[in-house]
Amino acid sequence: MSVTTATVDLKEIEEKVMSGERLTREEGTALYDVNDILFLGALARYVKEKKSGNYAYFNVNRHINLTNVCINRCKFCAFSADKDEPHAYTMEREEILARALEAPNIGATELHIVSGLHPDKPFDYYLEAISSCKEALPDIHIQAFTAVEIDYFARITGMTIRQVLEKLKEAGLGSMPGGGAEIFSGRVRGLTCEKKASGKRWLEIMRTAHELGLKSNATMLYGHVETKEERIDHLIKLRDLQDETGGFQSFIPLPFHPDNTDMTGIKRTTAIDDIKTMAISRLMLDNFDHVKAFWIMLGLKVAQLSLDFGSDDLDGTVVEEKITHMAGATTEESIEKEELIHLIKDAGRTPVERDTLYNIIKVYE
Ligand code: V47
């Protein structure tokens, strides 16, 4: 294996990875200075293959964003709106159900529901969205509400995090998506999303969810004002919590899309940064089973390529993606399962259709 960078002893890192030893903060940060992406890819691929062999997962799901009205108005978000803006929308029960009921027609096993923090909608609005979908489709898995929404529900009801999560679980919540994590650093949150729940609070909510038996994902929004040290710190905080709870299923690095946001001066991430971040995430998060390449944000080509740089999952069919498309993403809003299978096979991996909890539905040999 070639070793080309002077900042760290890459041979030592290679030996640590091969023997399953954990990488330090300093090593993780230094990996960003490695220009030999094939070196990073080989290490990340080794870890990926130890975890999931030649499998690359996908699922058939449908996203629903109940409302874009949001009191937080994060600077990086092009999706959110004030309630009196012309493009503001809020779905009511019939609209939500109509979208949910499309799921079985495409063979979806999952509804992925996340939303804005609407100033006038009570917790019951969100709770009923879940219960009505679950009543109509008892077999579907509902993955809904980021830790930031859970924090909001606790604040508007005066309930504890545990009580909010218990209510949602009773209503049919199956697991939680990984959004809202952004970058945990207080400095970055101050610059980009000052009203949002803190990184500490996000982690505390996930800890409680995991204690209640709810699995979740975790994300990192990168490519804006954060430093590489802050990225690595974010990954280490996730790794530490995973050591405690084991409740995270998958990590998803999300590249920032600047169009139509308050941060339009920032350049889009490059393919090299996307690929490095995928590989470094795989290497740092040694206790995560899966690293997902969310094709909507990465683009299909980089997402496919990342299957050789540590990722083992392309997420799903999605259908009606708003968050990234409002921010200028040029990917489709939806993809056929056959296309996901084709991308995975062409990368030399075995496509595996999974449910939300990574139970295997079908292996496409
Ligand atoms: O939390 C917001 C990000 C997230 C932008 O858990 C942006 O399986 C890029 O978390 N450019 C929501 N990203 C989406 C999310 C997610 C997506 C797919 C799968 C899963 C999962 C979770 O989107 C937000 C924020 O970090 N985001 N604005 C933007 N302009």
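## A buried glutamine

At 8% relative accessibility, Gln249 is buried, because buried means under 20% relative accessible area. Keep in mind as you look around that this is a predicted model.

**Around Gln249**

- Gln249 belongs to strand S7, which covers residues 248-255.
- Setting aside neighbours within four places in sequence, Gln249 has contacts that include Lys215, Ser216 and Asn217.
- Asp289, His290, Thr356, Leu357 and Tyr358 are also among the contacts of Gln249.

**Salt bridges**

- There are 30 salt bridges in the structure.
- In one of them, the side chains of Glu49 and Arg349 meet at 2.9 Å, N to O. This pair links distant parts of the chain, 300 residues apart: Glu49 sits in helix H3 (residues 37-52), and Arg349 sits in the loop between H14 and strand S10 (350-354).
- Glu49 is partly exposed, at 37% relative accessible area, whereas Arg349 is buried, at 6%.
- Arg162 and Glu211 also form a salt bridge, at 2.7 Å, N to O. Their positions are 49 residues apart, with Arg162 in helix H7 (residues 161-171) and Glu211 in helix H9 (residues 199-211).
- Arg162 is partly exposed, with 34% relative accessibility.
- The side chains of Lys196 and Glu182 form a salt bridge at 2.5 Å, N to O. Lys196 is in the loop between H8 and H9 while Glu182 is in the loop between S5 and H8, so this pair ties together parts that are 14 residues apart in sequence.
- Both partners, Lys196 and Glu182, are buried.
- Salt bridges with shared partners join Arg62, Arg99, Glu102, Glu320 and Lys322 into one network.

- Most residues other than glycine have a negative phi.
- Glu182 has a positive phi, near 50 degrees. Its loop runs between strand S5 (173-176) and helix H8 (186-192), and its relative accessibility is 9%.
- Asn260 also has a positive phi, of about 60 degrees. Asn260 is in the loop between S7 and helix H11 (271-284), and at 58% relative accessibility it counts as exposed.

**A charged patch on the surface**

- Glu332, Glu333, Glu336, Glu338 and Glu339 form a negative surface patch.
- Glu332 is in the loop between strand S9 (313-316) and helix H14 (337-346), and with a relative accessible area of 52% it is exposed.

Terms used: Residues are numbered from 1 along each chain as its sequence is written. This is a predicted model: local features need pLDDT of at least 70, side-chain atom pairs count only at pLDDT 80 or more; totals for chains, interfaces and linings use all residues. Side-chain values use heavy atoms; hydrogens and water are left out. Patches are made of residues with over 30% relative accessible area and no salt bridge: like charges are joined within 9 Å, nonpolar side chains (Val, Leu, Ile, Met, Phe, Trp, Tyr) within 5 Å. Accessible areas come from the Shrake-Rupley method with a 1.4 Å probe; for residues, only the protein chains shown count as cover. A salt bridge is a side-chain nitrogen of Lys or Arg within 4 Å of a carboxyl oxygen of Asp or Glu. Lys and Arg count as positive and Asp and Glu as negative; His and the chain ends are not counted. The place of a charge is taken as NZ of Lys, CZ of Arg, CG of Asp or CD of Glu. Helices (H or I, at least four residues) and strands (E, at least two) are DSSP runs, numbered from the N terminus. Buried means under 20% relative accessible area, exposed over 50%, partly exposed in between (1.4 Å probe, protein chains only). Contact means heavy atoms within 4.5 Å.
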